[in-house]
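Please open the model in your viewer and keep the selection tool at hand. We will go from stop to stop.

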Amino acid sequence: MLDVAVAYSRYRFLGAEFLTWLWYAVEREPETIKAAAMDRGVLTVGDRVVLENSLHQPAERVTISGENADLGEAMLALKKGALVAELRLHYGAGDHDWRFSLKGDTLALMGLKTPRSAPVESPDEVEGAVLEKLGLCEEVVRLVDSLFVRFIKLRVSERWREETVPGMKAWVKAARL
Amino acid sequence: MGLLSSSVALARYRVEGKLEEPVLETIAESLQRHVIGDIDGNVPEKAVGWTSFETPYRPDFLSSSLVIGAYFVFALRVDKKAIPRGVIRKHCAAEEARELARTGARYLAREEKRRIRAQVEEGLLLTIPATPNIFDVVWHYEAGELWLCSTLKEANEALETLFYRTFRLSLIRLFPFTLAALSGTLSSPEHDRLLALTPTSLKG
């Protein structure tokens, strides 16, 4: 494998492409998301999107956040060549809710709020609480992995250039600003 | 932010290689060898080491529980002393005034000022307590996967360095390229195409 630091810089764009595709797939290809979640839950885009336009140097960053955030501005940034650098997501499965942000360059999970579990009231309860929390975190990690595998398989295929990119361009173009 | 906090940050790693059997003892002894040191009342301004998940201020890997389910759970601790600049300036000014009075000189040479500053900083480091920062670590040994409950650059760099020094095993940060290359889901031709990828533009 390539040197990790070299690979990080050279293929940094993959993270932004993944998050942009993820937003597109959530809106236009729900069956892909459903398959990645193994029909267990629903993934939606949350209230914060950070976009970065690397066509400009230094790169321009646009942050759209808040409950009533105008995602039209984010679409406008996409139209100008920006890609998603950070995306807040909401995943719901049954009565359970997860909220988290994904950072494109590292795929790190930030601000991960898992479904509420019982408070730890004595040292004897720590082990159980840790196992429960790890299980809940794992659920999201596996979902992200599953989505990423779908993305990367698509990204290295001809379908990316022939179908997905035109589809994404049409999605951006059709967005109401 | 710890694992049991209401809001968690996770940086993910692949662990390359295996440890000497019995693994539990090897891990416990290795962590103990690189346990966080106490720098309060000493000159060092920073210490990096391992600590226990449940008792981060009383690290003990040999008697406290390190294994939870299929995971090894412990923590990285980074203790730092931060002396506010204003405090250093105040103490330097007082020391410099004392030195001028003692020698009867009108000015202090740059070298002398530097010496006084170093002395002042050393004195303050002896008195100021270190602030501990604790980052939980979850190691799924069999899966070769490790999570650090922090996305702070400093914490991730400290983990990578200390982990190698402790276990002589490499950590590979999972970011888009490494996740793709190490996921085992790409065929050889797909892997070759991955290496040749260039950015996509949605403009226009």
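What follows is a tour that starts with one chain, then moves to the contact between two chains.

**Before you start**

This is a predicted model: local features need pLDDT of at least 70, side-chain atom pairs count only at pLDDT 80 or more, and totals for chains, interfaces and linings use all residues. Residues are numbered from 1 along each chain as its sequence is written, while chains are lettered from A and ligands numbered from 1 in the order in which they are written.

**Stop 1: chain A as a whole**

Select chain A. Its C-alpha atoms fill a box of roughly 55 × 45 × 35 Å along the principal axes. Colour by secondary structure and you get six helices and five strands. Both are DSSP runs, numbered from the N terminus: helices are H or I with at least four residues, strands are E with at least two. Along the sequence, the pattern in chain A reads α-α-α-β-β-α-β-β-β-α-α.

Of the 177 residues in chain A, 35% are buried. Buried means that 20 or more other C-beta atoms lie within 10 Å of the residue's own; exposed means 12 or fewer, and partly exposed is in between, with C-beta atoms placed from the backbone.

**Stop 2: the hairpin**

Select residues 42-53 and 60-65 of chain A. These are strands β1 and β2, which run antiparallel and are joined by six bridges. Strands count as paired if DSSP finds at least two bridges between them. For one such bridge, pick A:Val50 and its partner A:Thr63 in β2(A). A hairpin through six residues joins β1(A) to β2(A).

**Stop 3: helix α2 and its two partners**

Now select α2, residues 13-28 of chain A, and α6, residues 158-174 of chain A. They pack at about 75°, with axes 11 Å apart. Axes are lines fitted to C-alpha atoms, for helices over the stretch in contact; angles run from 0 to 180 degrees between N-to-C directions. α2(A) and α6(A) are therefore roughly perpendicular to each other. The cut-offs: under 35 degrees is roughly parallel, over 145 roughly antiparallel, 65 to 115 roughly perpendicular, and the rest oblique.

Show the residues that meet here: A:Trp21, A:Tyr24, A:Glu27 and A:Arg28 from α2(A), with A:Gly167, A:Met168 and A:Trp171 from α6(A). Residues are in contact if their C-beta atoms, placed from the backbone, lie within 7 Å.

Which residues of α2(A) meet α5(A)? They are A:Glu17, A:Phe18, A:Trp21 and A:Leu22, facing A:Leu147, A:Phe148, A:Phe151 and A:Arg155.

**Stop 4: A:Glu139**

Stay in helix α5 of chain A and click A:Glu139. Is A:Glu139 buried or partly exposed? A:Glu139 has 19 C-beta neighbours inside 10 Å, so it counts as partly exposed. Draw a C-alpha to C-alpha distance to A:Arg116: 14 Å in space, 23 residues apart in sequence.

**Stop 5: where chains A and B meet**

Bring in chain B. The contact takes 38 residues from chain B and 41 residues from chain A. On the chain B side, α5(B) supplies the largest share, six residues.

Finish with a pairing across the chains. Strand β5 of chain A, residues 109-113, pairs with β1(B) in the antiparallel sense over two bridges. Pick A:Leu112 and you will find its bridge partner, B:Val8, in β1(B).

Conventions: Two residues are in contact if their C-beta atoms, placed from the backbone, lie within 7 Å.
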